[in-house]
Amino acid sequence: MLDDRAKLLLKALVERYIADGQPVGSRTLSRASGLELSPATIRNVMSDLEDLGLIASPHTSAGRVPTARGYRLFVDTMLTVQRERLPAASLAPDQPQRVITNAAHLLSNLSQFVGVVMAPRRNSVFRHIEFLRLSDRRYLVIIVSPDGDVQNRVVFTEGDYTQQQLVEAANLLNAHYAGLTIEQVRERLKGEVDKLRGEIGQLMKTAVDASTDAMSQADEVVISGERNLLAVSDFSSDMSQLRRAFELFEKKTQLMRLLDISSQAEGVRIFIGGESQVVPFEELSIVSAPYEVDGQVVGTLGVIGPTRMPYDRMIQIVDITAKLVSNALSHNK
């Protein structure tokens, strides 16, 4: 257990490092903490903190920097979120996908880091379907979900269809299958496709396959502001670290797993890089929160930035954006 003096010095060190980005020496720490301690006493406390794995000494400096473990202790026990005046922000009720995209941009703009939003989990039910001919054997399938979300898929078919056939197939699907899950439609079509004219039955089967593909992307992650990391000295000075961060954004699998974990908790959560396999990069931290539709958690959003981020401000940004998304999606229903 740390005594009060050690906690105060660790808090001062983390706050100073977040603000300046430079290793913190004993003299700087003495001024930042406000404690009237001799440099020798402060060096002894810093040595104890280093032995505990809470701070580390870079090879190029006599100062110290926080470790992932130090950040975690700071965030869990020392961080005080002082509500500051953030720029006015709003998200208008709209199609869910637009709300999600706008929310990612908002997170990025407010934080000046990377905004991520996991799209709401959709039930694989369609309300309406339409076909639009694009060229020979190439068609646009337009699928509208019960909550008004619109998904478009381009499909290619072996045969060519007239506009009348497209309308007929859409009318049959809308009249007899709207409101069912895609899986239910697929099962029913297996038994009924032989009763339909061959061309129409095949077109309907192709549409259902396209709908399955559209609805299966329920956990899509929308990312905004990756280029902001280019302005962060922690990354711009080390291209290998920057490359690893961009690989994380490109693959999205780890982000999906992390955001899914976040959705199982109440309120804002902070994941500090290097302390778990979920965020395997020591240089990255994620501040996340779930959002709701009519009181039910349907997704997660957050900010990704350097471990040296102003956590108090990020907590406010993420918390406010989660509430804005919840309101926009609930009012859109």
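Student: What share of the contacts in the chain with a separation of 6 or more is due to residues 24 or more positions apart?

Tutor: This is a predicted model, in which local features need pLDDT of at least 70, side-chain atom pairs count only at pLDDT 80 or more, and totals for chains, interfaces and linings use all residues. Residues are numbered from 1 along each chain as its sequence is written, and side-chain values use heavy atoms, with hydrogens and water left out. A contact means heavy atoms within 4.5 Å. For residues 24 or more positions apart, the share of the contacts with a separation of 6 or more is 61%.

Student: Which residues of helix α2 are buried, and where do they lie around the axis?

Tutor: Helices are DSSP runs (H or I, at least four residues) numbered from the N terminus, and α2 covers residues 26-33. Buried means under 20% relative accessible area and exposed over 50%, with a 1.4 Å probe and protein chains only. The buried residues are S26, L29 and S33.

Student: At what angle do the axes of α2 and α3 cross?

Tutor: Axes are lines fitted to C-alpha atoms, for helices over the stretch in contact, and angles run from 0 to 180 degrees between N-to-C directions. S26, L29 and S30 in α2 meet P39, I42, R43 and M46 in α3. The two axes come within 9 Å of each other, and their crossing angle is roughly 95°.

Key. Helix = DSSP H or I, 4+ residues; strand = E, 2+ residues; numbered from the N terminus.
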